[in-house]
Amino acid sequence: MKNISIAPWFALCMVINSGCQDGKQNGEQLAKTHCRSCHEFTPPELLDKETWEKSVLPEMAFRMGLPSPVISKKSFNELPDALPTIPNPPIISLSDFELITKYFLSLAPDSLKRPEKIEPAPISQFEPMRVSLTQNLPMVTMVKTDSDGRIFVGNRDKSLLVLQDDFTIKEKYFLDSPPALAFSLGQKLVCLEMGTMDPNDKTNGKLVELSLETRNTKTIINSLKRPVYFEKMDLNGDGLDDFVICEFGNYTGKLEVFENLGNEKYKAHTIEPTPGARKIILKDCNADGKLDIIALMTQADERVNLYINRGNFDFHPTTLLRFPAVYGSSYFEVNDFNKDGFFDILYTNGDNSDYSTILKPYHGVRIFLNDGHQRFKESWFYPMYGATWATARDFDQDGDLDIAAIAFFPDFKNSPDQGFIYFENRDGKFFPFVTPESTSGRWLVMDVADVDKDNDLDILLGALDFKPSEGGNFDQWKKQPTSLLILKNKLR
């Protein structure tokens, strides 16, 4: 399973387990009982035998408080954060866990089948252009455009670049840690700094205001756990902008709202006390005049939640969608795909860096349609190994929504050009297109804007070129570093 904090669910697990001792349960019953107490049940067929046996099941044992070889694989710095989340005594007996193990291994396949799908065609609507911003391997953590046409590029080396119209560097700033997201306010930039980018639970992330003129930074909110996304909006109607911040964390983390008290003071309200908050959208979902929060929570209990704003920073949670713990939920947007007046959900899953790094046929891009009562049903799925991000726009200006998607964990060996796929919407059916230029980097982030000012939307991809475990163009990435891939729309 993915990184999961046991502590919030410990009491629930104990209640469920106490009721299981009265009668014998088989491996399937035990697996469903224990897994569902913390997250959506993961069917055995979603992973192969070797991954269950050597990686996921030992991690499960560790998380349940049982002796496990994975503890020797945890780094010295990781253990102080991991161990407090582990229950003591264990929440399951060793004999019951052995039954669970036998259940998963008896039904898991030897390998996962490759998915059937429409193979992409060569792209013609966009003209790719490579942009090099460094002589080293690109390590882009953020690409963001603003209404003034400026392009901001954040990097793992803690730098933040402002580009000129010809995509060369105009200004370079340095922060205390890699930037995850930034919004511009004239000559000021509100920027979210991750702290330590790699998996951790340190509280060294922060939200800052950067002056583009003086280069000075002012901390707005500090002590954040690996924050990755934020929104700024007045949530209580007092005329002051509040912040909603996704603290992704690792073993611990949270979704938090920071109430603006005035005089540069903020009060924290924890909305979701679990790790893996990836992205939020602010939207009045019940037409009561107050902004609600729609959030993608990842890290084991993977779900899309709606938090209804009841006023005074009281948010009531409802789960709209829930996914198995190995899905690797990575991004979402809300759009009205069928034009019925209700928001639908565009969702990607493909995070593949935890305990089950095999290629998964259920990774990809999905649309869930809203029936008007906040009930969602999958209407479209396209398999895309390692899908990381998708965004919907009317790129061809024909009145419907097309989709651009990237994958940080594609099949580098067999389909390296599918790190980016463009889906053209033709009468409600999506047709995939790719370009060989997408092999010039490993795409982590994306934005959409009219960068060449010709009244159509272009696509910007940012590369963080970690070496793939298998395949890929790593040597070429070093020889010809491509920080950005600009896909210029040729519609106009």
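## A strand hairpin

V304 stands opposite L321 in strand β18. This pairing belongs to a predicted model. Strand β17 covers residues 302-309, and strand β18 covers residues 315-323. The two strands run antiparallel. Eight bridges join them.

Together, β17 and β18 form a hairpin. Five residues lie between the two strands. What happens to side chains along a regular strand? They alternate between the two faces of the sheet.

## An exposed glycine

G289 sits in a loop. The loop runs between β15 (277-283) and β16 (292-297). Is G289 buried or exposed? Its relative accessible area is 68%. The cut-off for exposed is over 50%, so G289 is exposed.

G289 can also be placed relative to N309. The two are 20 residues apart in sequence. In space, their C-alpha atoms are 9.6 Å apart. N309 falls within β17, whose residues are 302-309.

Now look at E209. This residue is in strand β9, which spans residues 205-211.

Which residues does E209 contact, leaving aside neighbours within four places in sequence? They are K188, L189, N216, T217, K218 and I220.

## Helix α5 and helix α2

Helix α2 covers residues 27-36, and helix α5 covers residues 94-107. Their axes come within 8 Å. They cross at roughly 105°. Angles of 65 to 115 degrees count as roughly perpendicular, so α2 and α5 are roughly perpendicular to each other.

From α2, the contact uses G27, E28, L30, A31, H34 and C35. From α5, it uses D96, L99, I100, Y103 and F104. These residues divide into seven nonpolar, two polar and two charged.

## Helix α5 and helix α3

Helix α5 also meets helix α3, which covers residues 49-63. The axes of α3 and α5 come within 10 Å and cross at roughly 155°. An angle over 145 degrees counts as roughly antiparallel, so α3 and α5 are roughly antiparallel to each other. The crossing is right-handed.

Which residues meet here? On the α3 side they are K49, W52, E53, L57, M60 and A61. On the α5 side they are F97, T101, F104 and L105. The contact residues divide into seven nonpolar, one polar and two charged. F104 takes part in the contact with α2 and in the contact with α3.

Definitions and conventions: Residues are numbered from 1 along each chain as its sequence is written. This is a predicted model: local features need pLDDT of at least 70, side-chain atom pairs count only at pLDDT 80 or more; totals for chains, interfaces and linings use all residues. Side-chain values use heavy atoms; hydrogens and water are left out. Axes are lines fitted to C-alpha atoms, for helices over the stretch in contact, and angles run from 0 to 180 degrees between N-to-C directions. Helices (H or I, at least four residues) and strands (E, at least two) are DSSP runs, numbered from the N terminus. Angles under 35 degrees count as roughly parallel, over 145 as roughly antiparallel, 65 to 115 as roughly perpendicular and the rest as oblique. Contact means heavy atoms within 4.5 Å. Ala, Val, Leu, Ile, Met, Phe, Trp, Tyr, Cys and Pro count as nonpolar, Asp, Glu, Lys and Arg as charged, and the others, Gly among them, as polar. A crossing is left-handed if the near helix is turned anticlockwise from the far one by less than a right angle, and right-handed if clockwise. Buried means under 20% relative accessible area, exposed over 50%, partly exposed in between (1.4 Å probe, protein chains only). Two strands pair if DSSP finds at least two bridges between them.
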